[in-house]
Protein chains: 2
Amino acid sequence: MIIGFDADDTLWHNEDGFQASHREFETLLSDYGGPTAIEERLFEIESRNMPKYGYGVKAYTLSLIECAIEISDGHVSTAQIASILDLGHALLDRPVELINGVTDVLDELGDHTKMIITKGDLYHQLSRIESSGLRTFFWQTEVVAHKDPATYQRLLDLHGVDPSNFVMVGNSLPSDVLPVMEIGGKAVHVPYHVTWAHEHHDGDHEAPTIEHLGDLPALLADWGLR
Amino acid sequence: MIIGFDADDTLWHNEDGFQASHREFETLLSDYGGPTAIEERLFEIESRNMPKYGYGVKAYTLSLIECAIEISDGHVSTAQIASILDLGHALLDRPVELINGVTDVLDELGDHTKMIITKGDLYHQLSRIESSGLRTFFWQTEVVAHKDPATYQRLLDLHGVDPSNFVMVGNSLPSDVLPVMEIGGKAVHVPYHVTWAHEHHDGDHEAPTIEHLGDLPALLADWGLR
């Protein structure tokens, strides 16, 4: 059995940093609108830029600057734009903070072959994998642009893994869970306390859910997988 | 024999677009310094940001904005920053323009298994591979963060290719040629008419050089490889 792990908000904290950054952005721009108006405009701009920019801190920072200029009708100051650049740098400089218990779980799953499959900016994700100290737990690490069924199928083919022999574990239903189930793999949903607006999923689903990554070994044992 | 192709400035034009963008940036900031001073400052800022930002248009755009704020001592206007964001969008929106004769060469090398190995922003590179129309010529396409010997070794291992059975073709000595020769592969240098300052190589080298990609089939034939 090969176990795939999402990284952001599954192995380490991520979205909470972006949420804190949103709050600072809203404070910075409070002359030009309330938090809800700013958040809605940012969501629009990120959605518009996503096909071109993809995911990650650099894309986010550029969209923040674009949002600041638009929402202020060009009145935002250069000093405020410099502060927005700093928000981006702060997110990139933020040390990797592992989710509580991750190392123990990876240790406990020592007999299973493990992969990281994470989406986003190639440079930032590779640097976080390196500085997380978790690299040696994993057989393979893959940074992908999109987490869709075709991408999972291509990766599993590349590494010679049959979907029936694969479990994906992650916090995002549309990215980590549903596409893997669609190609005949298993998936486990481990919700994070906040979800990025672009990863919300409203529909029903039948994916097994655990509250904490620490419950994964017991679930796999229930499935007869250890 | 497996042939690896670099993409930017090997299969399609890239650096000329950045150079044109530099000129527009210098014109935009001409109140704050001459072209050389601006170029030097941008080189410094890009070098400083590279370990964090990596390569690509988003990294470039963020460094341009940082450069504009620094070189103007904060006096650059919001409208000018909006124009810099537009320079980034223009580079991302620029249609892929193939280097003359690329399709014929790939056709002519039909019997060889071909890969794209390109460095830079995951989203932009994948979108260019798709829109280039060249996808079907290639067995595999890989976007990597760094083109160093360890990365080439990892990729060749992953795809089950022995370095002695691999030729890499590209315009950059430090990225496409030297690291591949270091791990025991062959490499062919095809210079592009401009080279990004961060890819300059001053040392001696013994890599075979051809003037145009169209000369590749003849070189491989000389080597007894077809």
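In the predicted model described here, Asp9(B) is placed in the loop between strand S1 (2–5) and helix H1 (15–28) of chain B, where helices (H or I, at least four residues) and strands (E, at least two) are DSSP runs numbered from the N terminus. Phi of Asp9(B) is near 70°, a positive value in a residue other than glycine. Most residues other than glycine have a negative phi. Asp9(B) is also buried, with 24 other C-beta atoms within 10 Å; a residue is called buried if 20 or more other C-beta atoms, placed from the backbone, lie within 10 Å of its own, exposed if 12 or fewer, and partly exposed in between. In chain A, Asp9(A) lies in the loop between strand S1 (2–5) and helix H1 (15–28), has a positive phi of about 70° although it is not a glycine, and is buried, with 24 other C-beta atoms within 10 Å.

Residues are numbered from 1 along each chain as its sequence is written, and chains are lettered from A and ligands numbered from 1 in the order in which they are written. As the model is predicted, local features need pLDDT of at least 70 and side-chain atom pairs count only at pLDDT 80 or more, whereas totals for chains, interfaces and linings use all residues.

Strand S2 (residues 113–119) of chain B runs parallel to strand S3 (residues 140–144) of chain B and is joined to it by 5 bridges, pairing being assigned if DSSP finds at least two bridges between two strands. Within this pair, Ile117(B) has Glu142(B) in S3(B) as its bridge partner. Together with helix H6 (residues 122–132) of chain B, S2(B) and S3(B) make a right-handed β-α-β unit, right-handed denoting that, with the strands pointing away from the viewer, the path from the first strand over the helix to the second runs clockwise. Strands S4 (residues 166–170) and S5 (residues 186–189) of chain B likewise pair in the parallel sense, over 4 bridges, and Met168(B) has Ala187(B) in S5(B) as its bridge partner.

In chain A, the buried residues of helix H8 (residues 173–182) are Leu173(A), Ser175(A), Asp176(A), Val177(A), Pro179(A) and Val180(A). These buried residues pack against strand S2 (113–119), helix H7 (149–158), strand S4 (166–170) and strand S5 (186–189) of chain A, contact being counted if C-beta atoms, placed from the backbone, lie within 7 Å. H8(A) is followed by Gly184(A), whose phi is positive, near 95°. Helix H3 (residues 57–71) of chain A is mostly covered, with 14 of its 15 residues buried, and is followed by Asp73(A), whose phi is positive, near 50°.

Chain B can be laid on chain A with an RMSD of 0.0 Å by a turn of 180° and a shift of 0.0 Å along the axis, the superposition being by least squares on the C-alpha atoms of residues with pLDDT of at least 70 in both copies. That is the relation of a two-fold axis. The contact takes 25 residues from chain B and 25 residues from chain A. On the side of chain B that touches chain A, helix H2 (35–53), helix H3 (57–71), helix H4 (78–93) and H6 each supply at least two residues. Since 100% of the interface residues of chain B are also interface residues in chain A, the copies meet through the same surface.

Technical notes. Contact = placed C-beta atoms within 7 Å.
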